[in-house]
Structures are given as C-alpha cells and as structure tokens.
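Here is a short note for a colleague who is new to this structure. Please read the points with the model open.

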Amino acid sequence: MKPYAFGVDIGGTSIKIGLAKTSGWLFETRKIGTPSDLSAESFLLSISEVIKQRIHARGLKAADFAGIGVGVPGPVDEKGVVHGCPNLGWSEVDVKGILSRALDIPVQVGNDANVAALGEMWQGGGKGFSNLVMVTLGTGVGGGVIVDQHIVCGQYGSAGEIGHLHVSDTESEPCGCSNFGCLEQYASATGIVRTASRLLCVHPDVPSILRKAAPLDAKIVCDGARAGDALATSAVESAMDQLGKALAMVSCVVDPEAYVIGGGVSLASDVLMPPLKKAYRRYAFPSSRHTAFKQAVLGNQAGIIGGIKLAVADAKGNKEK
Ligand SMILES: [Zn+2]
C-alpha cells in the first residue's frame, strides 16, 4: 500500500482538502472558497492544482499516493460521474475522469452524504459497525447508507436520499426536490422552525418563549424544549416522530446495526434523541426495534476522512464507491 491519500470534500461554499497517511492519520487540512465563476472542468482543475502544490510542498510525488477520494453534493454513479449538482450549477460531470487525468493518481468519487457516512464508520460515531445509516440534520436532511462497509449508491445515485422519503400526504408547500411532504420538510433545522411557527399560529393563546424570538431558529426551539416550553417540545416531538417513522421504514429495507445522527441540529441530541428513539421503536418492525442510535462525532471533517477511506479501500481492492 502506498503511504498517502487525499480526501476532498466539495461543498457549495467551501472545498476541504485533507492529506493523510493511509493508516488514517490526517495531518493536513486546507479549506478554500468554492469558485462560482468557473466551468465544472476548470473548477476541478483548480482543485488538482492545489493538490499538486501540496504534494510538491511536502516533498512527495504522485507515486506516493494510494488514491484520492472525493465527495460531491449530488448523485454519483459507479463510474464517478456526477448527475447534477444544483449547489454548484453542474449538470453531468465526469469528476473521476477529469481529476485522474490531471493528477495521475487513482480517484474515487461519492455523494458527499455517503462519503461522510463512510468517515463516521471508519473513525467516528459509527466506529465498530459495518452496516449503518447516517442521517445529517441540517438545512436539509441528508442520508448515507453503508452495507458491509460499502457505500450503497444505487442505479441512479439516489440511494440514501432519506430526506426525500414521503412522510406526509397533507403538505401544501413544495420541497426543494419539487415533491410535497418529504421528511426534510419536517425534520431539518428549517423543518423544525416551520413546525414551531405553524404551532404558534394555530395556538395563539398558548404562552411560549418562542414568541419573543425573532428570527426563530432550530437552536432556539431545541433550547425551548430543554427548558420545558410546551410548544417548543411539541415542535421537536413532531419532527422526531416523522424522523422515527422514516427510519423505521429504512430498517425494513436495509436493517442497519446503527443509525448515526449528525449535522448542526444533532448538537441538541439530549433533546432530540429520546423522542426519536421512542418514535422509532413505536413504528419499527419488531426484530429491528433495538437498532443502536449514535451521535456523529467528526463534524465537518467527516467528508475528508470518508474521502480518505474511499481512496484507501479502493487501493486495497475493495470496490467501495
Ligand atoms: Zn423532497
């Protein structure tokens, strides 16, 4: 095994590049702004220039690298082609082809949520498990499915899109995906705030500390629930009921050993986990009722650590995409 690998996490606002030993020791992280005015190819070539510069600065050469694992915010197929990234303005882009030609190092590409799930399995909250589902609660709800230590990406790159499981037939507003009633409309940070705002309107006579908050955000709602505010508690329980129901359905398909919950909202896990576990156990198929729930621990480094794992596993001959 060659001694080094890069993990690259491409996001809508920044690109993180991690340089590690293939043993998993991450010893350098760079963060650069996401360019907004470049074509997809020029964008990727600018990343390859940073990588070449870091290799040179460390006195290394391309032949010292087992690989580069890249996470991108869109559906990725088995060939490393991304099929649309709305955050980056990309349509179909051969990320693997462009980067591997520019760098002469093997490149593996995955969806960012799947790659983060791989990172949490390797060195984070999912350490010790080979079958897990990671759920990221942020502006939206992301998901990553790992089976036998391999990312499941599906025929169209959309396996693990847990945020778009249909959980409500009565929703009147569209989700970002254009459907109505998706999980992320309720269980994301935005969804928790929306539910709290609706409850405040529906129950104008119920006193709540949330009425003084302007603007309302998910942290204020979770803090309110922790302080015993009835309306805030109701908003949190409603969100976690939808999430628990959705994960009970996920268990009927992949039956993971553990759910790893991450993202900004999960910092309030003391408030979220009890109603989430209660709801999950109410809806789950009996033999899946005791699936473990863990908190993600790698934060915004999960993507680069997962990228390194993707590169290392590929170098070992595992088809881990
Ligand atoms: Zn949706």
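1. Tyrosine 280 is buried, at 0% relative accessibility. This is a predicted model. The ring of tyrosine 280 pairs edge-to-face with that of phenylalanine 293, with centres 5.2 Å apart and planes at 70°. Tyrosine 280 lies in helix 8 and phenylalanine 293 in strand 12, so the pair links distant parts of the chain, 13 residues apart. Phenylalanine 293 is buried too, with a relative accessible area of 9%.

2. The count of aromatic pairs comes to 8. One of them joins tyrosine 259 and tyrosine 280, edge-to-face, at 5.7 Å centre to centre and 65° between the planes. Tyrosine 259 sits in strand 11 and tyrosine 280 in helix 8, so this pair ties together parts 21 residues apart in sequence. Tyrosine 259 is buried, at 0% relative accessible area.

3. Elsewhere, Tyr4, Phe6, Trp25, Phe27 and Phe65 make up one aromatic cluster. The charged end of arginine 194 sits over the ring of tyrosine 186, 5.7 Å from its centre.

4. The largest nonpolar core has 44 residues. Val135, Val221, Leu243, Leu247 and Ile261 touch the most other members. Elements that each supply at least two residues include strand 8, helix 5, strand 11 and helix 8. Helix 7 gives the most, 11 residues. A second, separate core of 32 residues includes Val8, Ile10, Leu19 and Val76.

5. Which residues of helix 2 are buried? They are Val95, Gly97, Ile98, Leu99 and Leu103. Their cover includes helix 1 and strands 4, 5, 6 and 7. Aspartate 104 follows helix 2, and its phi is positive, near 60°.

Notes: Residues numbered from 1 in each chain as written. Predicted model: local features only at pLDDT ≥ 70, side-chain atom pairs only at ≥ 80, totals over all residues. Heavy atoms only, no water. Core = buried A, V, L, I, M, F, W, Y, C linked by side-chain atoms within 4.5 Å. Buried < 20%, exposed > 50% of the residue type's maximum accessible area, 1.4 Å probe, protein only. Helix = DSSP H or I, 4+ residues; strand = E, 2+ residues; numbered from the N terminus. Contact = heavy atoms within 4.5 Å. Phe/Tyr/Trp six-rings, centres within 6.5 Å; stacked < 30°, edge-to-face > 60°. Lys NZ or Arg CZ within 6 Å of the ring centre and 35° of its normal.
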